[in-house]
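Here is a short tour to read alongside the structure. Keep the viewer open as you go.

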Amino acid sequence: MRFLWTVAAVCLLLAQAAGAEAIRLKTRTIDSTSNRGVKLGHHFVVQFRSYPGPQVLSELGRRGIRVLGYVPDAALMASSRTVPDLEGLDVAWVGSLAASDKLSPELAQARQGGYLVMLHQDVPPAVGRRIVRRQGFTILDHAGLLSGHLLVIGASQDLLDLASNDEVAYILPASPDLLGGQPVMACAGPLTEAGPVGQYVEVGSGWPKDSGRTVKLNYVFASLTSKLEASAARSEIARALGEWARYANLQFSAASDPYAARTIAILFASRAHGDAYPFDGPGGALAHTFYPAPPNGEPIAGDMHLNADENWQIGGNIDLFSVALHEAGHALGLGHSDRPGSVMYPYYHLQTGLSADDIAGIRALYGSSDGAPPQVPVLPPNQPPAVLPPAAPPPPSAPPQSGPDRSPPSLRIASPATSVVSTSSASITISGTASDNVGVTAVHWSSSTGGSGPASGTNNWSAEVPLLVGTTAVTIRAYDAAGNSGWRAITVVRH
């Protein structure tokens, strides 16, 4: 839906934004000293001459303006169903994102033909689905998607028209994991006291620099998960911090006061836990992390909160190191990357280290480190801080598992080699491999057009799947002797 108010209709008299910082998007930098060509939709960015604190947020709410997130610097993404009243709020600039602002620069390099569409958080998912379908895109359902995110396939030339809808916040390339239907871990993004930071926003400035080149930070384990042995959990999180310090001018010291300045407090918590972002039980949000100071104030700046109700593992499905590595990037000032395969992509899987994109991001904030990679020591509670010695941390071994086997079979689609396929044939042959510690008993296929059947073979399997004209999502599922199942999916477009 396209809906615009002109500046005249908003009846704003905006003075020159003396001293106002630029608004940094991934696509461009908005010159907030100019008010020419400003138009407003229901969703718009409003920038203030200073950081909008609790009083400003409260006043916006009183005027019926909903705050959706923070936009560096000193700006908010907001929405209003009526002409917004911003009179007397010391506004420096106001305007809506252009359609081109909502298209990731990474889309020019995308070859998968699949896209992740992010709606503004106040848009009902059903409304977003109608908009996407009306623009000619096909929606692929994926159980791991966050609310307001849609996985779609369609023609790249139609993306600009899709982005011109006021309800759409941003569009970026979908990762092969998403398009393949693989299980992923999701992150809603870094947080500020004024709300979450959108995917369309460029990275912030990170922690203030010390007098020397190295930025020194403390970290404290405020509470740990009962799902893992305490020393193993501490070691995995410290190893994640150390991975970032391998490549940038960062130094971490273990400390004991979670309220001290420049301290990352690491907290496992259930549901409501003292901030404005309660967890939602198992199977929901894994974690959330607050940006550094600024824009956040102390003591919450940089704090990492992990959902204690999740089934935390080491080297397993909800891998503590992988989640901590991603969240630590936010604690250091990084936003989400648009590049699939990066640790900082909003949907990720088991990680072993940083990608080139992640390393470039952290070095842009803090510069490149010199010498050997540092280790982050893990100290028992109440011990004094320690300076990091220059040594690489060895990965700890996973704790022994007990109880019935719950690990799903490992399934791989070998042919076709891509997760989105175009063909003129009336059927497609899909083949691959499956393995499991207690043995694979069966492999089945099902399609979004209503077909299903068994595949030939188990450890090495193949399936002949009939196709209708149009788009068909095909899911392959392998079963083991313990009743567990693992799956992968591809999308086939028959023309």
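The notes below move from the whole chain to a few individual residues.

## Overall picture

Please keep in mind that this is a predicted model. The protein contains eight helices and 29 strands. Of its 495 residues, 51% are buried.

Looking at contacts with a separation of 6 or more, 74% come from residues 24 or more positions apart. The accessible surface is about 21100 Å², and carbon and sulfur atoms hold 52% of that area.

## Aromatic rings

The count of aromatic pairs comes to five. One of them joins F268 and W312 in an edge-to-face arrangement, with 5.7 Å centre to centre and 90° between the planes. F268 belongs to strand β18 (residues 263-269), while W312 sits in the loop between β20 (304-307) and α7 (320-331), so this pair ties together parts that are 44 residues apart in sequence. Both partners, F268 and W312, are buried.

Another ring to look at is that of F321: the charged end of R239 sits over this ring, 3.9 Å from its centre.

## A closer look at I139

Strand β10 (residues 138-140) is where you will find I139. Is I139 buried or exposed? With a relative accessible area of 14%, I139 counts as buried, because the cut-off for that label is under 20%.

Which residues does I139 touch, leaving aside those up to four places away in sequence? They are R129, V132, R133, L151 and V152. As for Y115, 24 residues from I139 along the chain, the C-alpha atoms of the two are separated by 9.7 Å.

Definitions and conventions
Residues are numbered from 1 along each chain as its sequence is written. This is a predicted model: local features need pLDDT of at least 70, side-chain atom pairs count only at pLDDT 80 or more; totals for chains, interfaces and linings use all residues. Side-chain values use heavy atoms; hydrogens and water are left out. Helices (H or I, at least four residues) and strands (E, at least two) are DSSP runs, numbered from the N terminus. Buried means under 20% relative accessible area, exposed over 50%, partly exposed in between (1.4 Å probe, protein chains only). Contact means heavy atoms within 4.5 Å. Accessible areas come from the Shrake-Rupley method with a 1.4 Å probe; for residues, only the protein chains shown count as cover. Rings of Phe, Tyr and Trp (its six-membered ring) pair if their centres lie within 6.5 Å; planes under 30 degrees apart count as stacked, over 60 as edge-to-face and the rest as tilted. A charge sits over a ring if NZ of Lys or CZ of Arg is within 6 Å of the ring centre and within 35 degrees of the ring normal.
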